[in-house]
Amino acid sequence: MQTDIFARRRNDRLIFFAVLTGLTVGSVIITQYDVLKGFTSIFKAFVWGITNFYPDADSLKKLPDILSKLWETVLMSIAATSVAAVFAVVLALSGSQTTRISRFFSVVARGIASLFRNIPLVAWAMVLMLAFSQNQLTGYLALFFGSLGFLTRSFIETIDEVSHHAVEALEATGAGYFHIIFQAVLPSSLPQIISWLLFMIDTNIRDATLVGLLTGTGIGFSFDLYYKSMNFHAASLVVMLIVATIIVIETISNRIRKAIM
Amino acid sequence: MKPETKEPLLELRKVIKSYNGAKPALADVSFSIPNGQFISVIGPSGSGKSTLLRCINRMIEVTSGEIFFDGVMTSRLRKRDLRKLRTKIGMIFQHYNLVDRLTVIENVLHGRLGHKSTMAGVLGRYSPEEKKQAHRIIDMLGLSDQVYKRCDQLSGGQKQRVGIARALVQNPKMILCDEPISSLDPNSSKIIMDHLSGISRDLGITLIVNLHQVNVALKYSDRIIGVNQGEVVYDGPPDELSMTQIADIYGSESRDLIGGLEERRAD
């Protein structure tokens, strides 16, 4: 039996690749996708991009306008994420195995987290648009709900992983619930909580572009506007500024992460 | 030095703990402990030592039976009184269970939280007397150079001494030690055991120590309780513990490994 394990591993690998190949070929046939044309189109797209999709002198005149929209989007993402984080901490404390008050609250908290996390951001934006129409608030709320679900989930895992032992010790000394939260749970998990928060801000700035496109606000709307009016130079400027912003934010959050660990 | 009391400090009567079904983790455990004894609980892994310790401060609820501590029946206690009971019982853990990102002094002062109001505890406000006491205990345990160091920068032995300090600052009548030296090298183990021994001797605090090392138990304790499969199979002074009884506690397989103990004890 012991020698068989190697044969089994080899068979597993063969089966895996056979299935993968089967799925790929199958989907290509069903969708009548022309592989060759697909690859040559990428090249054509590149050529088009280089010849058309770059900022020119004219588009730079739009810069102040774009920057103000970008600033608006960045602020909205940060606001939505940090407010969501506050609520997520409370939900996570009642959802975590280590700190929950009762099994009932834990199930409720995990349920809320899972519901919010599993509804796609785009769906949030579309649904909220019905209620609040094309408006800053719609984008803000869409980001808020999405972040709330994701952050609660991550915080629950962080709390359970990091503070279990210390919580046991403090319970044994006779410390009360809030003592334990503020003296053991939060000090232990704060660096990771902040780390998740920074990650969420990154992600939300990217997603805010998409949400803005749908809700007609912020930098997403600028992009949509220029793109649809075939002002590709200005649209490309928007994309570059978004990329630059995300790189800057990422650098800052990496610095912060290093400092607090 | 040790106060003479007729009443035992701790008494267990027919304590049973079973986790859903089958074999109970503790099956009918009874013993009583007077003030000031150094007691080692020995037994193989999974024999119920940890459960036994945690039933005493109700970190685990017993299935049936009664536990009396300091004249109080512990199973009757409601929230607030249970907290008050726990302030009188310190606890030390195998993995130290400190908040690694906080400093030594902060971790030690956590031992005072049971005595504090919600607000003062949440904000971490401690009185000058409490701080003075914490510093005194830290000095006693030889950690004065580490007072303001974060605990993740300490060695295992130092972390365990912080754990001991956190228990002592509670002013406990008894300290429960759950395998305090199982994660430590022999050198640090000796330092920890010597400190525990000193605490029992000089401060008159009752100690119940779960141990894996029979020779350590023999050397340090006033009394040994041997546990196997949730039952007390030996309860008496260390020098009356025979090879056969050790084999009873650990199962006959262990005889070879523990062998030689007899000769060493002779000298």
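Start in chain B with strands β1 and β4 (residues 64-69), which run antiparallel and are joined by five bridges. Strands here are DSSP runs of E with at least two residues, helices are runs of H or I with at least four, and both are numbered from the N terminus. Two strands pair if DSSP finds at least two bridges between them. Pick B:I16 and look across to β4(B): the bridge partner is B:S64.

This is a predicted model; local features need pLDDT of at least 70, side-chain atom pairs count only at pLDDT 80 or more, and totals for chains, interfaces and linings use all residues. Residues are numbered from 1 along each chain as its sequence is written, while chains are lettered from A and ligands numbered from 1 in the order in which they are written.

**The four-stranded sheet of chain B**

β2(B) pairs with β1 (residues 10-17) of chain B, antiparallel, over five bridges. Select B:L12 and its bridge partner in β2(B), B:F31. Now show the whole sheet: it is open, has four strands in the order β2-β1-β4-β5 (chain B), and pairs in the antiparallel sense. Which strands stand at the edges? They are β2 and β5 (72-73) of chain B; each has a single partner strand, so one side of each is left without a neighbour in the sheet.

**The six-stranded sheet of chain B**

Next, select the strands β6-β7-β8-β3-β9-β10 of chain B, in that order across an open sheet with mixed pairing. At its edges are β6 (89-92) and β10 (231-236) of chain B, each pairing on one side only. From one strand to the next the twist averages 15°. Axes for such angles are lines fitted to C-alpha atoms, for helices over the stretch in contact, and angles run from 0 to 180 degrees between N-to-C directions.

Zoom in on β3 (residues 38-42) and β8 (residues 206-211) of chain B. These two run parallel, with five bridges between them. B:I42 has B:L211 as its bridge partner in β8(B).

Then select helix α9 (residues 243-250) of chain B, which lies across β3, β9 (223-228) and β10 of chain B. Helix α9(B) runs at about 155° to β10(B).

**One residue: B:S200**

Select B:S200, in helix α7 (residues 186-203) of chain B. Is B:S200 buried or exposed? B:S200 counts as buried because it has 22 C-beta neighbours inside 10 Å. The cut-offs use C-beta atoms placed from the backbone: buried means 20 or more others within 10 Å, exposed means 12 or fewer, and partly exposed lies in between. Leaving aside neighbours within four places in sequence, B:S200 is in contact with B:G36, B:F38, B:I205 and B:L207. Contact means C-beta atoms, placed from the backbone, within 7 Å. Draw a distance from B:S200 to B:V29: their C-alpha atoms are separated by 24 Å, and the residues are 171 apart along the chain.

**Chain B as a whole**

Zoom out. Chain B holds 11 helices and 10 strands. Its C-alpha atoms fill a box of roughly 55 × 45 × 40 Å along the principal axes. Buried residues make up 40% of chain B. Of contacts between residues at least 6 apart in sequence, 69% join residues at least 24 apart.

**Chain A**

Switch to chain A, which has 10 helices and zero strands. Its radius of gyration is 24 Å, well over the 18 Å that the globule rule gives for 261 residues, so chain A is more spread out than a compact globule. The C-alpha trace of chain A spans about 70 × 65 × 40 Å along its principal axes. Buried residues make up 37% of the chain A total.

**Where the chains meet**

Finally, show both chains. In contact are 18 residues of chain A and 23 residues of chain B. On the chain A side, α7 (136-173) and α8 (177-215) are the elements that give two or more residues. α7(A) gives the most, with eight residues. Colour the chain A side by type: nine residues are nonpolar, seven polar and two charged. Nonpolar covers Ala, Val, Leu, Ile, Met, Phe, Trp, Tyr, Cys and Pro; charged covers Asp, Glu, Lys and Arg; the others, Gly among them, count as polar.

How values were computed
Two residues are in contact if their C-beta atoms, placed from the backbone, lie within 7 Å. The radius of gyration is taken over C-alpha atoms; the globule rule is 2.2 Å times the number of residues to the power 0.38.
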